[in-house]
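Reader: Hi, I have a protein model to look at for class and would like to go through it slowly. Could you show it to me first?

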Amino acid sequence: MMHYFHRQVQLWGEETQQALQSKKIAIIGSGGLGSSLAFALGASGIGEIHMIDFDTVSLHNIHRQIAFKMGDEGKFKAEVAAVLIEERCPYVKAYPHVCRFSEFTEKNIDVDLIIDATDNLPSRGEINTYVKSKNLPWIYGSVEAFNGQVCFFEEASFNELFKITQKTPAGIAAPIVMHIASLQANLALRYLAGLSVKKDYLYYLFFSEEGELVTQKFALPKSEG
């Protein structure tokens, strides 16, 4: 196993790599962000990865949802992503859950971390409410057009900071999806490996009209609840 993870072991040693085998995460959504998270975290050595998504692959998904290819149309996204994870890494067990997040929570599966890979505010509000009830951390990520946001939530509350509305997203460029998912994955892996993580800071990234990548960060207040 250590030969497979050789370059990671160079970062943090065999003991930390072995410890990742006991970690469990849930990725909510298996589309754009979820696909990239499956690639980034699926070969990292995390013991259990739960993929939650009720949707099927559509043709217009494939350009930015890198877990899928032509011919996958009509298949359940969570099932395709779970197979991909296990094909790439024999040391990780991936469990697909073809259901909504609310149904997944009823299964009472304990995890160490939840990662948001949804595409709407109500779902993120639902995640926030659940993790607060379980005293769990979660990692938020969103993308639209050429911009995105990432935050490791621990003491702050998404529901207190964002107005939960139904909103149709604008178009999305594929590379920004992978970029935001990569940042989420880095936060997740650092946390699970016991490395330092800056929590309750919202990172906002966007490309200006001149094509300059701009990164801003905002400290979030603790939840009043």
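**Salt bridges and the fold**

Author: The structure, which is a predicted model, holds eight salt bridges, a salt bridge being a side-chain nitrogen of Lys or Arg within 4 Å of a carboxyl oxygen of Asp or Glu. In this predicted model, local features need pLDDT of at least 70 and side-chain atom pairs count only at pLDDT 80 or more, while totals for chains, interfaces and linings use all residues. Residues are numbered from 1 along each chain as its sequence is written, and side-chain values use heavy atoms, with hydrogens and water left out.

Reader: Ok, so which residue does arginine 124 form a salt bridge with?

Author: Arginine 124 pairs with aspartate 116, and the closest N and O atoms are 2.8 Å apart. Arginine 124 is buried, with a relative accessible area of 6%, and aspartate 116 is buried as well, at 0%; here buried means under 20% relative accessible area, exposed means over 50%, and partly exposed is in between, using a 1.4 Å probe and protein chains only.

Reader: Which parts of the chain does the pair of glutamate 155 and lysine 222 link?

Author: The side chains of glutamate 155 and lysine 222 meet in a salt bridge, at 3.6 Å from N to O. This pair links distant parts of the chain, 67 residues apart: glutamate 155 is in the loop between strand S6 (147–153) and helix H6 (158–161), and lysine 222 is in the segment after strand S8 (213–219). Helices (H or I, at least four residues) and strands (E, at least two) are DSSP runs, numbered from the N terminus. Glutamate 155 is partly exposed, with a relative accessible area of 38%, whereas lysine 222 is exposed, at 60%.

Reader: Which residues are linked in a network of salt bridges?

Author: Those are Lys69, Asp72 and Lys75.

Reader: Switching topic, how many helices and strands are there?

Author: The secondary structure comes to seven helices and eight strands. The radius of gyration, taken over C-alpha atoms, is 17 Å, close to the 17 Å that the globule rule (2.2 Å times the number of residues to the power 0.38) gives for 225 residues, so the protein is as compact as a globular protein of that length. Of these 225 residues, 48% count as buried.

Reader: Where is alanine 185, and is it buried or exposed?

Author: Alanine 185 is in helix H7, which covers residues 174–192, and is buried, with a relative accessible area of 6%. Not counting residues up to four places away in sequence, alanine 185 touches Leu37, Ala40 and Leu41, where contact means heavy atoms within 4.5 Å.

Reader: What about serine 36, which residues is that in contact with?

Author: Serine 36 lies in helix H2 (residues 32–42) and is buried, with a relative accessible area of 7%. Leaving aside neighbours within four places in sequence, serine 36 is in contact with Ile66, Met178 and Ala181.

Reader: Last one, how far apart are the C-alpha atoms of alanine 185 and asparagine 135?

Author: They are separated by 21 Å, and the two residues are 50 residues apart along the chain.
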